[in-house]
Amino acid sequence: MHAGENNPVIPEGKTVRDALFVITAKGLGATSVVTREGLLKGLITDGDIRRGFARGNDFLDQRVEAFMTRDPKTITADKLAAAALHRMETNQPSPITVLPVVDGAGRAVGMLHITDLLRRGMV
């Protein structure tokens with residue numbers, strides 16, 4: 001799990017351009033969108049941004065809330081890696097590669113990427 005300084009998060013109200021910089025800096029292909037209190041509000045991925053380019057470059061200055069996935073799939077840190085892999089593989093309509101990790105209050109405390117599971121021999 002990528003936590004602390006390695007956890008890609010961006011406050012709500014920021015632009016898609018800001019999110020793109022976080023996604024690039026953290027290298028996980030996504031960033032959690034959080035409230036002032038750190039509660040997970042959504043997830044924006046590099047795929048969301050690529051699809052946004054179909055609308056032109058102006059979308060980069062729009063707020064992340066317009067492009068993020070609201071109520072994304074999540075997992076808590078106390079769950080086994082196998083549970084995370086199952087959640088990623090069985091997502092509909094297609095598998096996903098990242099899962100925000102939340103605490104009991106719904107605060108974004110980390111991010112799990114499929115490559116983390118690969119390194120542990122889960123995949």
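User: What separates Asp-48 and Arg-51 in helix H2?

Analyst: Asp-48 and Arg-51 are 3 residues apart in helix H2, which means that about one helical turn separates them. Helices are DSSP runs of H or I with at least four residues, strands are runs of E with at least two, and both are numbered from the N terminus. The model is a predicted one, in which local features need pLDDT of at least 70, side-chain atom pairs count only at pLDDT 80 or more, and totals for chains, interfaces and linings use all residues. Residues are numbered from 1 along each chain as its sequence is written, and side-chain values use heavy atoms, with hydrogens and water left out.

User: Why is Asp-48 called buried, and what is Arg-51 called?

Analyst: Buried means under 20% relative accessible area, exposed means over 50%, and partly exposed lies in between, with a 1.4 Å probe and protein chains only. Asp-48 has 12% and is therefore buried, whereas Arg-51 has 56% and is therefore exposed.

User: How do you know that Asp-46 and Arg-50 form a salt bridge?

Analyst: The closest N and O atoms of Asp-46 and Arg-50 are 3.7 Å apart, so the pair meets the cut-off. Both residues lie in helix H2, 4 residues apart, about one turn of the helix. Asp-46, at 32%, is partly exposed, and Arg-50, at 55%, is exposed.

User: Which parts does the pair Arg-17 and Asp-61 tie together?

Analyst: The side chains of Arg-17 and Asp-61 meet in a salt bridge with an N to O distance of 2.9 Å. Arg-17 belongs to helix H1 (residues 16-26) and Asp-61 to the loop between helix H2 (46-52) and E5, so the bridge connects parts that are 44 residues apart in sequence. Arg-17 is partly exposed at 33%, and Asp-61 is exposed at 52%. The structure holds 7 salt bridges.

User: What makes E2 and E5 edge strands of the sheet?

Analyst: Four strands form an open sheet in the order E2-E3-E4-E5, with mixed pairing. Strand E2 (9-11) and E5 each have a single partner strand, so one side of each is left without a neighbour in the sheet.

User: How do you know that E4 and E5 pair?

Analyst: Two strands pair if DSSP finds at least two bridges between them. Strand E4 (residues 40-45) and E5 run antiparallel and are joined by 2 bridges, so they pass the criterion. As for the partners, Leu-43 is bridged to Thr-69 in E5.

User: How do you know that the buried residues of H3 are on the same side?

Analyst: The buried residues of H3 are Ala-84, Leu-85 and Met-88. They cover an arc of only 100 degrees around the axis, which places them on the same side of H3; the arc is that of the directions from the helix axis to the C-beta atoms. Their cover includes E6, E7, strand E8 (108-113) and helix H4 (114-119), where contact means heavy atoms within 4.5 Å.

User: How does the radius of gyration of the protein agree with that of a compact globule?

Analyst: The radius is taken over C-alpha atoms, and the globule rule is 2.2 Å times the number of residues to the power 0.38. For 123 residues the rule gives a value near 14 Å, and the protein has 14 Å, so the two agree. Buried residues make up 42% of the 123 residues.

Terms used. A salt bridge is a side-chain nitrogen of Lys or Arg within 4 Å of a carboxyl oxygen of Asp or Glu.
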